[in-house]
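Please look at the sequence and the model together before reading on.

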Amino acid sequence: MNPYILATLLFGLGLGTTITFASSHWLLAWMGLEMNTLAIIPLMAQHHHPRAVEATTKYFITQAAAAAMLLFASTSNAWLTGQWEIQHISHPLPTTMITLALALKIGLAPIHAWLPEVLQGLDLTTGLILSTWQKLAPFALLMQIQPSNSTMLIILGLTSTLVGGWGGLNQTQLRKILAYSSIAHLGWMILVLQFSPSLTLLALLTYFVMTFSTFLVFKMNSSTNINSLSTSWTKTPILTSLTPLILLSLGGLPPLTGFAPKWLILQELTKQDLPLTATIAALTALLSLYFYLRLSYALTLTMSPNNLTGTTPWRFPSSQTTLPLAISTSATMALLPLTPSAMALLTS
């Protein structure tokens, strides 16, 4: 892609998210979300592959439906209450509709079916943008409206953690596994949103760091399915030995970074007298942990059948920059002790 066009599209992505962040009026927030969607569409379809075009079309239709629902809900809110302010949404009907529209935008279960299919059709770089940056603006709106319908949020959260764990069990495609991982993590964030927004923000930022490093590892190895992971040993042995730690951090095992948000969310749910919700959420995390362990097994305990065992395969030298990968990998494995500082920063 032409670098000027790429720069314009990335600028559009950043501007759309910034407009949504800064807006207090529903029309401005909607405009920011639309800019976001329109800026990523050419990035998704840039390879002119039938699967990429199909994924782009699915994404566009889904996002257009969510944006139309959001616009209708905000107009209904203005009609019922006379207010266009995001903070002043009080009527239950527009609140429910806006929550569902934003849930569709970020891919929460049970309205998640588009996310694995879309992510599967994209290259890893665009998939990374879709899994991280594109979640920011809808989450900012969800945190601002603070939906009063607590039962609906808990149902959305629990369904997402269950579907995210269950859906990834039988997958062999890495991008689909990462899509279900995304659904599960978003479910955890939605569960605690109404009780502790700062905790949701911590979980979101932690998820971004872990997902960033996972996508970069797969990109470095040019891996798109589980079978291709077995050749990683001969390409990048040190990175391959560290990758299971990244995957187990996504699964939420101590003493890795991913343990902190899950631990704090379970603690907060217990404080709010929701022990059953906390128990179900903890059990659904075991489903996700299974397929992370499966990936770790494929990476470290299987080897591709070669004629000369242990020989490095011939390949072109890699021109990828490894500094972002090194920083995000270190953060994914070692940021757990900074959890109190991060919480203090987010709550201040």
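## A network of salt bridges

Lys58 is partly exposed, with a relative accessible area of 31%; here buried means under 20% relative accessible area, exposed over 50%, and partly exposed in between, with a 1.4 Å probe and protein chains only. The model is predicted, and local features need pLDDT of at least 70, side-chain atom pairs count only at pLDDT 80 or more, and totals for chains, interfaces and linings use all residues. Residues are numbered from 1 along each chain as its sequence is written, and side-chain values use heavy atoms, with hydrogens and water left out.

The side chain of Lys58 meets that of Glu117 in a salt bridge of 3.9 Å, N to O, a salt bridge being a side-chain nitrogen of Lys or Arg within 4 Å of a carboxyl oxygen of Asp or Glu. Lys58 lies in helix α3 and Glu117 in helix α5, so the pair ties together parts that are 59 residues apart in sequence. Helices are DSSP runs (H or I, at least four residues), numbered from the N terminus. Lys58 also forms a salt bridge with Glu54, at 2.9 Å, N to O. Glu54 and Lys58 are 4 residues apart in helix α3, and are therefore separated by about one helical turn. An α-helix has 3.6 residues a turn, so residues three or four places apart point the same way. Glu54 is partly exposed, at 43% relative accessible area.

Glu117 is partly exposed as well, with a relative accessible area of 35%. A salt bridge of 3.5 Å, N to O, links the side chains of Glu117 and Lys176. Because Glu117 lies in helix α5 and Lys176 in helix α9, this pair ties together parts that are 59 residues apart in sequence. Lys176 is buried, with a relative accessible area of 18%. Through shared partners, the salt bridges join Glu54, Lys58, Glu117 and Lys176 into one network. A search of the whole structure finds 3 salt bridges.

## Two domains

The domain assignment gives domain 1 (1–148) and domain 2 (151–307 + 321–347), with bounds that come from an automatic or database domain assignment. Taken over C-alpha atoms, the centres of domain 1 and domain 2 are separated by 23 Å. The contact between them takes 29 residues from domain 1 and 32 residues from domain 2, where contact means heavy atoms within 4.5 Å.

## Helices and their cover

Helix α8 (residues 150–167) has 18 residues and reaches 25 Å from its first C-alpha to its last, close to the 26 Å expected at 1.5 Å a residue. The expected span is 1.5 Å times one less than the number of residues in the helix. Buried residues of α8 include Met152, Leu153, Ile154 and Leu156. Among the elements that cover the buried residues of α8 are α4 (92–106), α9 (174–192) and α15 (275–300).

Helix α16 (residues 323–334) has 12 residues, and its reach of 16 Å from first C-alpha to last is close to the 16 Å expected at 1.5 Å a residue. Leu325, Ser328, Thr329, Ala331, Thr332 and Met333 are buried in α16. The cover of these buried residues includes α10 (197–221) and α13 (237–251).

Thr62, found in helix α3 (residues 50–81), is buried with a relative accessible area of 13%. Leaving aside neighbours within four places in sequence, Thr62 is in contact with Leu104 and Trp114.

## Backbone features in loops

Ala109 and Pro110 are joined by a cis peptide bond, with omega about 5 degrees. Pro110 is found in the loop between α4 and α5 (114–120). Another cis peptide bond joins Pro254 and Pro255, with omega about 5 degrees, and Pro255 has its place in the loop between α13 and α14 (259–271).

His48 is not a glycine, yet has a positive phi of about 55 degrees. This residue is found in the loop between α2 (26–44) and α3, and His48 counts as exposed at 68% relative accessibility. Ser222 has a positive phi near 55 degrees; Ser222 is found in the loop between α10 and α11 (226–229) and is exposed, with a relative accessible area of 59%.

Methods
Helices (H or I, at least four residues) and strands (E, at least two) are DSSP runs, numbered from the N terminus.
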